[in-house]
Amino acid sequence: MTDLLVCMEDNLCTFSPCISFVLDGLMTSAAKRKGSPCLQDDNSRSDKKLRYSMPSLPEDIWHHIHSLLPLRDAARTACVSRTFLGFWRCYPNLTITRETLGLVRLEDEKDGMSYETSCDLATKIDHILRNHSGTGVKALKLEINDFPVFCTYGDLDRWLHIAVRPGIEKLDLWLRPILSAVSVYNFPCSLLLNGSGKSLRHLHLSSCTFRPTAGLDCLRSLTSLELYEVRVTEDDLRCLLSSLVALEELRLVDCEELIFLKIPSLLQRLSNLVVHDCENLEVIESKAPNLSGFEYMGPQVQLSLGDSLQDIYINGSGRGWDIVHYAWAKLPCMVPNLEVLEISTSYLSDTLVVPAGKFLHLRHLFIDGFCRPDYDHFSLVSFLDACPYLETFRLFVEHDFMEDELVLGDFSHDLRQMPGHLHSNIKDVQILGFYSTKSIIELTCHILENATSLESLTLDTSYTAILCSDSKNGKEACGAGPIGVSSRISSWQE
């Protein structure tokens, strides 16, 4: 217990009311059981605690309560009793971050940590993990900043080998190197062998090299794999994915060695694929039969996604990729069962090509695009025509209009119309960043005249609106700022 006391801060034994409640209850229960290690260890404390009226609970119940405490509180309780120390050595959720160590937030630290501070904190983590037996760990989150100044490669290897044992279900390793030129940590794949990988359900790695081998077929329980700034090739991934039969979610962010991403058909349970900023990626091909959600951010790539997809988000902003027209021309045949489509682009052209077909199942369409002053928004009517069962349409217009391009006064005689283009299922329309340019007004009037089931129309003149889908679809929900013009319509009649 001495090592644990050394590794904690001076206020370690200043217990919160929550911890005091646990201590009181456990000591009372311990005093009622002869031979209790807690009673033998702290007789004077036990006598004091007996003055409180607490229920007598079995030790396994208190063990469970201890497992629910935050890491710092759970470690503090280990200072007062061998019973608690025994609980700590089997504590199931090890989350070692700046916050759990009581450090300032990373954004509050301007010049990084000194070498002495880094060494001291690394020593504390070393003590914490050495006092943990490694038994019973269900989840390990290790967040290391200023790597490798904070700790050495050997330290990191040793900590992982202590905590990653058979029975672990979640492993989060987040490294933030102090310099981009620093040699990248090579994740020890052998760590997952000998039974340690059989129970693993979530594996999240960042800023390291990951070279899985054929021997990693032990990861058959893995349901979530997230790689962030990880050096991994298509061959590495192909070798790994070929054995991940339980995988449900795959996230790849800033993996610059990837050129060809191929998802095999044996991933029967894969439902969500997220690929962000893999700048050298050229092809994404999925044969996963039950893939329902796809999120992509990056340059234009060749897509082959299968017909099971129902929800797609594509962001090509700043890449010179006109995703609106790509989606309109390519996706109807590629993903015929699509129900939700959200696209974001900083490049919009004027000419719409003939669509390859119709979105017969699309219910919700969200478009976020930066437009040139002369962009013809009225051309989006053709997109709406390709979605006969569309119910929700949201358009966010980022613009750079000049005042002399705005339309003022009576202009109704000069508006273009497209009679016969009915949108009978649209109920909710939002145009965010609305400006009174002619093409936007034409689009708005067309919707009012042809959306026969329209219930709500919102014209938001605020310029700072951000188009986001609901948080349940995996992205943050965003507000659109103050509403300039809003029209609620119970029904629309000609």
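User: What is a polar contact, and which residue's side chain does Ser 224 join through one?

Analyst: A polar contact is a pair of N or O atoms within 3.5 Å; within protein, one must be able to donate a hydrogen and the other to accept it. In this predicted model, the side chain of Ser 224 forms such a contact at 3.2 Å. The partner is His 204.

User: Is Ser 224 buried or exposed, and in which strand is Ser 224 found?

Analyst: The residues that Ser 224 touches include Arg 201, His 202, Leu 247 and Glu 249, leaving aside those up to four places away in sequence. Because its relative accessibility is 8%, under the 20% limit, Ser 224 counts as buried. The strand in which Ser 224 is found, spanning residues 224–228, is E7.

User: How many disulfides does the count come to, and how far from Cys 239 is the nearest cysteine sulfur?

Analyst: A disulfide requires two cysteine sulfur atoms within 2.5 Å, and by this rule the count comes to 0. Cys 239 is accordingly in no disulfide; with 24% relative accessibility, Cys 239 counts as partly exposed. The nearest cysteine sulfur belongs to Cys 189, at a distance of 9.2 Å.

Technical notes
Residues numbered from 1 in each chain as written. Predicted model: local features only at pLDDT ≥ 70, side-chain atom pairs only at ≥ 80, totals over all residues. Heavy atoms only, no water. Buried < 20%, exposed > 50% of the residue type's maximum accessible area, 1.4 Å probe, protein only. Helix = DSSP H or I, 4+ residues; strand = E, 2+ residues; numbered from the N terminus. Contact = heavy atoms within 4.5 Å.
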